[in-house]
Amino acid sequence: MKVRIQRRIAPVTAPYWEGFTYDGPEDTSVAGLLDYINYHDDIINDEGKSTTRIGWECSCLQGICGACAMVINGVPALACETFLKDCKGKELTIQPLQKFPVIHDLVVDRTSIQENLKKTNMYIGEYQQGEKQGHEHQYLAAKCLKCGLCLEVCPNYVNGETFYGAAFANDCYLVASRNRDKAKDIKKIYGEHFGGGCSKALSCVDVCPMKIPTMASMAKLNGGRV
Amino acid sequence: MREVLVIGSGISGMAAAVRCASMGLHVTLAAPFPSERSQSVMAAGGINAVLSENDEGDSVASHIEDTLKGGAGLGGQRAVSGLCEHAEEILHYLESIGTVFSVDENGRPARRAFGGQSHKRTYYCGASTGKQIVSALIMETRRYEAAGLIQRRLWSCFHSALIEDGVCYGALLYDEATRNLQPVYADAVVMATGGQNALFGKTTGSTQCDGYTQGRLFQQGVDLKNLEFIQYHPTTLETSQKRMLISEAARGEGGRLFYLENGQRVYFMEDRYGERGNLMTRDVVSREIFLTNKEVFLDVSFLGERLIDQRLPEIRDLCRKYRGIDVTKEPIPVAPSVHFFMGGFAVNLRHETNVRGLFAIGECASMYHGANRLGGNSLLAALYGGRIAAEEIAGREEARKRPDFTSFIDEQQHLLEKRQNTESKFPVAYVRDLLAETMQKDLGIVREEASLDSGIKDVDYYLEIADRLQYDNSVMPYFNYSLNGILTLARAVLTCAKARTESRGAHYRSDFPKTEADKCHATVISYEEGAYRTWLDKEGTYES
């Protein structure tokens, strides 16, 4: 299998593409493929030249930590749960998430996600039950990985300076639903940084590894009851 | 004490940071990645507590007894009592900060049965309890970040501690952003860096937990304890990228283990241990599976689709995604695999190591679990340990004059640069893989002196290579400089396993199969000028 990876040595250097020929096992994921390429003593690219190991982030390797979010064949996804057998075409392309500063190769700095939540005081504080029926929804919202896939795919999210994206919207729902005293303020902040800017493309829902019902979060925050 | 440095931002690290901040202390919470990436999110099954509203005849005394028994007498009476007595308070705390527990028909947190426990006392959030607690604690940490009391420091990897005359004054962190070593001085340093997974390659846990901090601090004079006790989780699933945990919740909800003989299912755990056989402690179940020498399966299909989707959705997803197995229709092939480390930093009841001002909590510390941990006690211990350490730090008033560490820092920086500037491409990953192979082979579920000796010989050789060869400059410097500490820890683990000439809990010696009453003490290991010295803690040094 031909693999093309968009690489970058450091934040200040220019990105470049490098090709590899993958001859490892086929019943693995993109994470398994990256591991396989990196494992060898000498890493040879498809021009037969020796090259450096590919930088990428991982932790759980089972789709619950969000570390390995990247763009695979043009689609934002977690490398550890994107399987080679499901990748269409003869060539596999792998890029870092494009909406975050690249640190090295496929490693990006997603600090902006946390910073926006910090700026808006997104915390529950004292739990006070809000809506009684939303338990399953709250459980799913709290599973958000902050992986950035929903932001990468979103046509409205640029760099997180004003529009904060679906990860933010779901945390808004979680806080508003678990502390009714904060619900009013949260709805206001939600309107400023999400509600007013979302064009409802809903591509965020399709790429979410945790299948968080962002539409339902939006419905409840857009004037519905939380 | 005013300034606290917490290293590691999983559940125990955040618990300590939040508790310190709530008492007005300033906390630097350092980790390479955000808390969402920590191994804590992988804790699945639940958290143990006996609540006063409990109505099934359970008691705190019973929780203490089960924990001590599960730990084969090494848990420490006083430590375990403290842990279990505070479990209710901790559970209420988690509720108060908005953790999304699974609830019963009355809206109260629901509980399930877990292995080695006389009563149903494991409270849970589906099969993602750790993740739900992490999410709640992240918000609580954010509350104190907003108040200016907690400062997160990302892209920071531990390098070494700043220790002089048995007192810790801070730590040297490698900053990935600036690419150099930076000292962070503090009145107290709290290690919350998780287990030692990298010693065994890919385990059920996170690739980020590698045991480096334990190995490095051991070299700096910090005692380690009970390293020979390594928990093999009985039910893990082989996938192309790692062995994945099938939570004990599956058996807690009624899952049954069996193997096939002449086409018939043999429920070997039930045959041997009766009705609750599938819920024996993890050391026992793992050993029994190992001894069958057959392919073993875990069946939950009879629970029905509705119950599985309601209580074990993550297990259903995982089996489908990584193996194409539909657990509502077919059994799961399982085998034991390295899962948890009962050993780690030797700490006293206040979670302080033998170096003053240096604390350790969570899985990196050896506390509460003795020779075998009960499912549902690790989340409890992580939260309780964080709280205890924080309270000790907050209550301590002492004037400290900081020594000058300039020459130490310069020396370490020089060593690091020397390694990074090499053109050599010798891959550290290669040595780490060799190490994993050795440890899997020589420190398995069943051990014996000859294999342990062989392991020690191999690791000594790797240590020799690691010091002699230069490193790969195309990977993160941390990956390079951590190798020596990881190997040192592996050597210490093997040494402890060799020293314990009996079988107890998770440590089973085929050449010493009996449990010896006079060895019912923790193993402590100290590093003295390159020599590894082990001793049994008969005086209870780490139980006071």
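Let's start with chain B and its contacts between residues at least 6 apart in sequence: 73% of them join residues at least 24 apart. Two residues are in contact if their C-beta atoms, placed from the backbone, lie within 7 Å.

A word on what we are looking at. This is a predicted model, where local features need pLDDT of at least 70, side-chain atom pairs count only at pLDDT 80 or more, and totals for chains, interfaces and linings use all residues. Residues are numbered from 1 along each chain as its sequence is written, while chains are lettered from A and ligands numbered from 1 in the order in which they are written.

How confident is the predictor? Chain B has a mean pLDDT of 94, and 98% of its residues reach 70 or more. pLDDT is the predictor's confidence in each residue, from 0 to 100. The complex gets an ipTM of 0.97 and a pTM of 0.96.

Now chain B itself. It has 16 helices and 24 strands. Those are DSSP runs, numbered from the N terminus: helices are H or I, at least four residues, and strands are E, at least two. The C-alpha atoms of chain B fill a box of roughly 70 × 50 × 45 Å along the principal axes. Of its 544 residues, 57% are buried. Buried means 20 or more other C-beta atoms within 10 Å of the residue's own; exposed means 12 or fewer, and partly exposed is in between, with C-beta atoms placed from the backbone.

Next, one helix pair. Helix α6 (residues 212–219) and helix α16 (residues 477–499), both of chain B, have axes that come within 7 Å and cross at roughly 80 degrees. So α6(B) is roughly perpendicular to α16(B). Axes are lines fitted to C-alpha atoms, for helices over the stretch in contact, and angles run from 0 to 180 degrees between N-to-C directions. Under 35 degrees is roughly parallel, over 145 roughly antiparallel, 65 to 115 roughly perpendicular, and the rest oblique.

On to chain A. It has eight helices and nine strands. Its C-alpha trace spans about 60 × 35 × 30 Å along its principal axes. Of its 226 residues, 53% count as buried.

Finally, where do the chains meet? 43 residues of chain A are in contact with 41 residues of chain B. On the chain A side, α1 (30–39), α2 (111–119) and α3 (135–141) each supply at least two residues.
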